[in-house]
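Student: I would like a close look at one part of this structure, the place where the two chains meet. Please take me through that part and then set it in its surroundings.

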Amino acid sequence: MHSPLEQFEIHRLIHLNLGGFDASFTNSSLFMLIVSVLVTIMLTAPMRRAGLVPSRWQSVAEMLYEFVASMLSDNAGKGSARYFPFVFTLFMFILGCNLMGLVPFTFTVTSHIIVTFAFAAIINIGVTVIGIAKHGPRWFKLFVPSGVPIPLLVILVPIEIISYLTRPMSLSVRLFANMMAGHTILKVFGGFAVMLGLFGVLPWLFIIAFTALEFLVAVLQAYVFAILTCIYLNDALHVNH
Amino acid sequence: MEPEAAKLIGAGLASIALIGAGVGIGIIFGNFLQGALRNPSAADGQFARALLGFALCEATGLFGLVMAFIILFAF
């Protein structure tokens with residue numbers, strides 16, 4: 001009997017040992033590579049013969065660009081345009097990984113907490129460094145909301161600091177839990193569909209409906225990750241709590 | 001009590017957190033629909049924000065589910 005969690009196992013495809021450090025090329029790395037190549041091709045190929053009246057794929061690339069650009073400028077304000085390449089790459093990679101996981105027999109890269117935590121940790125450290133580099137010691141005013149009496153500040157500042165430090169945790173676990181739970185449910189109902197024989201039609205119909213929901217969740221989680229990155233960037237660039 | 005039994009009971013208890021997710025999502029979309037029926041022309045502009053609220057609310061419920069999985073498989 002196979003477990004529904006077997007789909008998340010990492011298999012080494014090319015064994016590589018760098019001085020005691022296991023740097024093998026795994027199925028996770030393979031799908032990250034596939035997603036990167038596909039996203040790059042999808043965004044650059046239609047722009048080779050870019051016309052004023054866009055072709056279909058050029059339209060798609062332009063819509064994605066404009067979507068992320070407007071999201072960044074709406075949420076992070078002035079001075080945020082220099083971070084657009086990062087936010088756009090982040091959004092397209094997470095979107096690509098989430099959607100690739102819905103193709104049968106693929107591996108969902110973002111269903112591992114280490115991947116999403118790496119994203120969230122880099123974003124949090126980066127935003128902190130940007131904030132301190134830009135504002136210096138005034139950056140610590142982020143933890144001190146304005147218009148609060150002193151006795152309340154003694155309790156409020158530690159709470160604000162702890163809530164700032166848990167932001168990468170919540171950012172990473174949100175994406176990880178959505179991806180893992182969705183794929184686990186699909187596998188469990190797949191097991192039901194096989195076990196029930198003729199009545200397996202009912203779990204099969206549920207899987208069809210749930211896969212539609214998973215498409216929405218994949219796109220939505222990529223959007224939420226990107227927009228929260230823009231909001232955290234706003235906190236770093238404009239410290240006025 | 002055997003550890004296996006304790007794990008199963010713990011995972012079941014941790015999944016109760018999903019009640020909060022259900023209630024929260026219902027509140028978000030209920031209020032969105034209420035506002036949309038009063039001002040339909042402004043509804044489409046705010047739908048993105050409703051989806052953002054839905055994702056953030058779902059996240060807290062899924063934190064509970066992750067705790068259930070940790071209890072079930074990581075101990």
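Tutor: The model is a predicted one, and the account below starts at the contact between the chains.

Chain A brings ten residues to that contact and chain B brings eight residues. On the side of chain B that touches chain A, eight residues are nonpolar, with no polar and no charged residues.

Which helices cross here, and at what angle? Helix α6 (residues 167-195) of chain A and helix α3 (residues 40-73) of chain B have axes that come within 9 Å and cross at roughly 70°. Angles of 65 to 115 degrees count as roughly perpendicular, and α6(A) and α3(B) are therefore roughly perpendicular to each other. From α6(A), the residues making the contact are S170(A), V173(A), R174(A), A177(A), N178(A) and A181(A); from α3(B), they are A59(B), L62(B), F63(B), L65(B) and V66(B). Sorted by class, the contact of α6(A) with α3(B) has eight nonpolar, two polar and one charged residues. An α-helix has 3.6 residues a turn, so residues three or four places apart point the same way.

Now the other partner of α3(B), within its own chain. α1(B) packs with α3(B) at an angle of about 175°, and their axes are 8 Å apart. Angles over 145 degrees count as roughly antiparallel, and α1(B) and α3(B) are therefore roughly antiparallel to each other. K7(B), G10(B), A11(B) and A14(B) of α1(B) make this contact with G64(B), M67(B), A68(B), I71(B) and L72(B) of α3(B). The contact of α1(B) with α3(B) holds six nonpolar, two polar and one charged residues by class.

Helix α1 of chain B covers residues 3-14, which is twelve residues, and spans 16 Å from its first C-alpha to its last, close to the 16 Å expected at 1.5 Å a residue. How many residues of α1(B) are buried? The count is zero among its twelve residues, and the helix is hardly covered. E2(B) is in the segment before α1 of chain B. E2(B) counts as exposed, because there are 7 C-beta neighbours inside 10 Å and the limit for an exposed residue is 12 or fewer. From the C-alpha atom of E2(B) to that of L13(B), eleven residues along the chain, the separation is 17 Å.

The contact can next be set against the nonpolar interior. In soluble globular proteins, nonpolar side chains tend to be buried together. In this model the largest nonpolar core has 43 residues, and those with the most contacts inside it are F91(A), A222(A), F225(A), A226(A) and C230(A). This core takes at least two residues from each of α1 (27-44), α2 (56-76), α3 (84-100), α4 (113-135), α6 and α7 (201-237) of chain A, together with α3 of chain B. The helix that gives the most to this core is α7(A), with twelve residues. Setting aside neighbours within four places in sequence, F225(A) is in contact with I94(A), L171(A) and L175(A).

E214(A) lies in helix α7 of chain A. Is E214(A) buried or exposed? With 21 other C-beta atoms within 10 Å, E214(A) is buried, because the cut-off for a buried residue is 20 or more. E214(A) touches L102(A) and G182(A), leaving out residues up to four places away in sequence. The C-alpha atoms of E214(A) and Q7(A) are 207 residues apart along the chain and separated by 16 Å.

Past the end of α6(A), L196(A) sits in the loop between α6 and α7 of chain A. L196(A) is partly exposed, with 13 other C-beta atoms within 10 Å. A distance of 34 Å separates the C-alpha atoms of L196(A) and G96(A), which are 100 residues apart along the chain.

Chain A as a whole has seven helices and four strands, and from the N terminus on its elements run β-β-β-β-α-α-α-α-α-α-α. Of its 241 residues, 24% are buried. Among its contacts between residues at least 6 apart in sequence, 66% join residues at least 24 apart.

Conventions. Residues are numbered from 1 along each chain as its sequence is written. Chains are lettered from A and ligands numbered from 1 in the order in which they are written. This is a predicted model: local features need pLDDT of at least 70, side-chain atom pairs count only at pLDDT 80 or more; totals for chains, interfaces and linings use all residues. Two residues are in contact if their C-beta atoms, placed from the backbone, lie within 7 Å. Ala, Val, Leu, Ile, Met, Phe, Trp, Tyr, Cys and Pro count as nonpolar, Asp, Glu, Lys and Arg as charged, and the others, Gly among them, as polar. The expected span of a helix is 1.5 Å times one less than its number of residues. Axes are lines fitted to C-alpha atoms, for helices over the stretch in contact, and angles run from 0 to 180 degrees between N-to-C directions. Angles under 35 degrees count as roughly parallel, over 145 as roughly antiparallel, 65 to 115 as roughly perpendicular and the rest as oblique. A nonpolar core is a set of buried Ala, Val, Leu, Ile, Met, Phe, Trp, Tyr and Cys residues joined through C-beta atoms within 7 Å.
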